[in-house]
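Hi everyone, thanks for coming. I'd like to walk you through a structure that may be new to you, so please have a look at it while I talk.

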Amino acid sequence: MSRMLIVARTEFLTLVRTKAFIIGILAMPVIVGLSIVFQIFAATHADTSDHTLAVVDRTGALYDTLAAAADEHNASGVSNGKRTGPRFLLTRVDAAGRSPAELEATLSDRVRRRELFGFVEIPANVLASPAGASDDEQLAYYTETPSYTALSDWIRDAVGAAVTARRLKAANVDPDLVKTLTRPTRVTTLGLVQRNADGTISEAKRTDALQTFVVPFALVYLLFLSVMASAPQLLTAVIEEKLSRISEVLISSITPFQLMVGKLIGVASVSALLALVYLVGGMYVLASTGHLSAIQPALIGWFAVFLLCAVLMFGSVFVAIGSACSDIKDSQSMMQPIMILLVLPLIAAPVVLRAPGSTIAVVASLIPTATPFLMLLRLAMTPPPPLWQACLSVALTLGTAVVFVWAAGRIFRVGLLMQGKPPNLPELLRWIRQ
Amino acid sequence: MTAIELRDVTKQFDNQIAVGALSLDVPAGSIYGFIGPNGSGKTTTIRMVMDILAPDRGSIQVFGKPSRSPVRDDIGYLPEERGLYKRMTVRQVLRYYGQLKGRSLADLDRAIASWLDRLQLGAYVDKKVQTLSKGMSQKVQFIATVIAKPRLLILDEPFSGLDPVNADALRDAVLDLRRDGTTVVFSTHDMATAERLCDRLFMIFKGRKVLDGTLDEIQAAHSQNVARVRTAGGAAILDDLPGVARVVDTGNAQDVELSGDPQQFLAALAARTAVYQFELKKPSLHDVFVQIARPTAEDLAVPAGGGR
């Protein structure tokens, strides 16, 4: 076996045999699963408490309608005899003979004493139908917990519905008729119709949110995770080897370049294994839910190419930093710009997702350090980018990866034998030219 | 046959000469002591021999060939700072190092079993390196250096930090390897061990060769013509004896610095009194080392503007 492959195999086994790797592989689906379960649970179970709302109804006509609406709301928040939402309990406040300021102060005190969650004042002229809306019509909702918007939203809608119904009635218009006439028009988003070879025309398919958003994003994040799970480990491994002089023993058996490339092959294999596990798992889930067509086979090929490019590019940078530094602390500051380069495409991903054909998306996806993530994203979406753009991006990224590996090899060769203060940029450039 | 041949080798770093015009022949099958103060150019020389660094000038041959792969597969190197992969087992580490030297797994497994048994580490073959004691790790690293049966061994302070039992075990192993034809370059600051173990010694100082020869040759070259004598007459008898330059009285005996031939001095002394002991004092390697490497007033001077 070639010595480079011996290094690659050892690097791969060392990383894969660690408990952290095995736990990491298992933990990811568990964390994702738990977060979904938590979100569902939180959405249905988080708020099942009673909220008492005092209503100062200065119209004198709306309270009963609101109380009925509250009962209806409370009944809808029960599933199989269990409460799944909050209960809004209304209490009528008689404002007769009390000054507004005095009444508001008294009710505020009751809120502070937790007898009430809040109170609302419905102005008397809310039922009037003036030509234009005025501030006098506004409901005033008082609370100590303004971040809780479920109650304020509900009372706004409930009063709004009651007021609208009354206004329609006053205008001799049937509210049910209005509801029927103003029902919204629905839109179905479809793909394009295909003209088949035999002259027939196949029906357009409904677009699938899974294929449009979930799969592209999931692939980009998987690529990011696969790179992050292995490439940065090169940095610590190289520093450790350098400090313990293992590297000096190794390069008495193998050239520094062979050693570095062996290491890169090792971590690329780790990334590939990780990605394979999740891809197979993800495709199994898609297949079992009848959505396997959401992921095109060609996409897996692109994913593999971009994974290799990303690992080679970022891995070689991590190797170079590791060999140039004499301890982990020194390497942290040099790591930061690289981590930013890695994360930037993820930040730009939503922009590309919204307008994949825009100039900014095209340019961003052709920048070599962003290409693996952003071009993959564009390729996973419809319509895919023109083939020439995809090929150009691969050529640019592969070219950059080769330059990075070459430059890292030069730095690695010199850096491995250096101790003490880490080099500055001009020194690194000198090492590359040496 | 010559194991290592350096001809006029020079290496500079940032305009500073690390090794200057160094020529050296290490005979095959010998134990060659490599001594010199820190920063004198030892490590640079070793790295050039292993083809980790290229010389700026001059030529280096190992077993008659330029020190490039595959010749360096014949070199085993134990650096002074010890390190092994902590999370690997002893077997995995030894296989890895051996395979990188181009040895087959079957050969390696036999050699691993034999070496571990010899150094009482057989029970630890599948233990992770991080569970071993410091001495055990050091022995594993020694095995990693010799596992691929190199013809040339370069050992940098192989015994430092070892207890006497383990140090003896490694020293015996080194001697056995030499008996089997392995050439050993032994870099050390421990002059007593170097005197005991090495067939020849080489000292590098400020990048230049300052000593090269057998211990006897070096001692003869650096002898200060001092005789230790114990006589019936004591120190007083030496007062007006011809050929005496200086006398240091150490009580029962006297160290006499001679200005002439020791044999004539002995004859004159014996004619005058009963001589119980007469020994021509040889300088120890330690003495020679200190004599060469002792800082001069120039070395100790604070550079202008460098003081506080």
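**Where the two chains meet**

Let's begin at the contact between the chains: 17 residues of chain B touch 15 residues of chain A. On the chain B side, the elements that give two or more residues are β6 (75-78) and α2 (90-100). Of these, α2(B) makes the largest contribution, with 3 residues. What is the make-up of that side of chain B, in nonpolar, polar and charged residues? It divides into 10 nonpolar, 2 polar and 5 charged. Please keep in mind, as we go on, that this is a predicted model.

**The overall layout**

Now let's step back. For chain A, the domain assignment gives domain 1 at 49-175 and domain 2 at 207-433. Taken over C-alpha atoms, the centres of those two domains of chain A are 56 Å apart.

Chain B has a domain assignment too, with domain 1 covering 2-219 and domain 2 covering 224-281. Here the centres, again over C-alpha atoms, are separated by 45 Å.

I'll stay with chain B from here. Its secondary structure comes to 10 helices and 14 strands. Along the principal axes, the C-alpha atoms of chain B fill a box of roughly 75 × 50 × 50 Å. Chain B has 308 residues, and 34% of them count as buried. If you take the contacts in chain B between residues at least 6 apart in sequence, 68% of them join residues at least 24 apart.

Looking at one pair in detail, strand β1 (residues 2-13) of chain B runs antiparallel to β2(B), and 8 bridges join the two. Within that pair, E5(B) lies opposite D25(B) of β2(B).

**Around strand β8**

My last stop is strand β8 (residues 183-187) of chain B. Is β8(B) mostly covered or uncovered? Mostly covered: 5 of its 5 residues are buried. As a reminder, in a regular strand the side chains alternate between the two faces of the sheet. In β8(B), T183(B), V185(B) and S187(B) on one side are buried, and so are V184(B) and F186(B) on the other.

Who are the partners of this strand? One is strand β3 (residues 31-35) of chain B, which runs parallel to β8(B) and is joined to it by 4 bridges. There, F34(B) has S187(B) as its bridge partner. Strand β7 (residues 152-156) of chain B is also parallel to β8(B), with 5 bridges between them. In that pairing, I154(B) stands opposite V185(B).

A helix belongs to this picture as well: β7(B), α5(B) and β8(B) together make a right-handed β-α-β unit. Helix α5 (residues 164-179) of chain B has 16 residues, which at 1.5 Å a residue should span 22 Å, and the 22 Å between its end C-alpha atoms agrees with that. After α5(B) comes G181(B), with a positive phi near 105 degrees.

Methods: Residues numbered from 1 in each chain as written. Chains lettered and ligands numbered in written order. Predicted model: local features only at pLDDT ≥ 70, side-chain atom pairs only at ≥ 80, totals over all residues. Domains from an automatic or database assignment. Pairing = 2+ DSSP bridges. Expected span 1.5 Å × (residues − 1). Buried ≥ 20, exposed ≤ 12 C-beta atoms within 10 Å, placed from the backbone. Right-handed = clockwise from strand over helix to strand, strands pointing away. Contact = placed C-beta atoms within 7 Å. Nonpolar A, V, L, I, M, F, W, Y, C, P; charged D, E, K, R; others polar.
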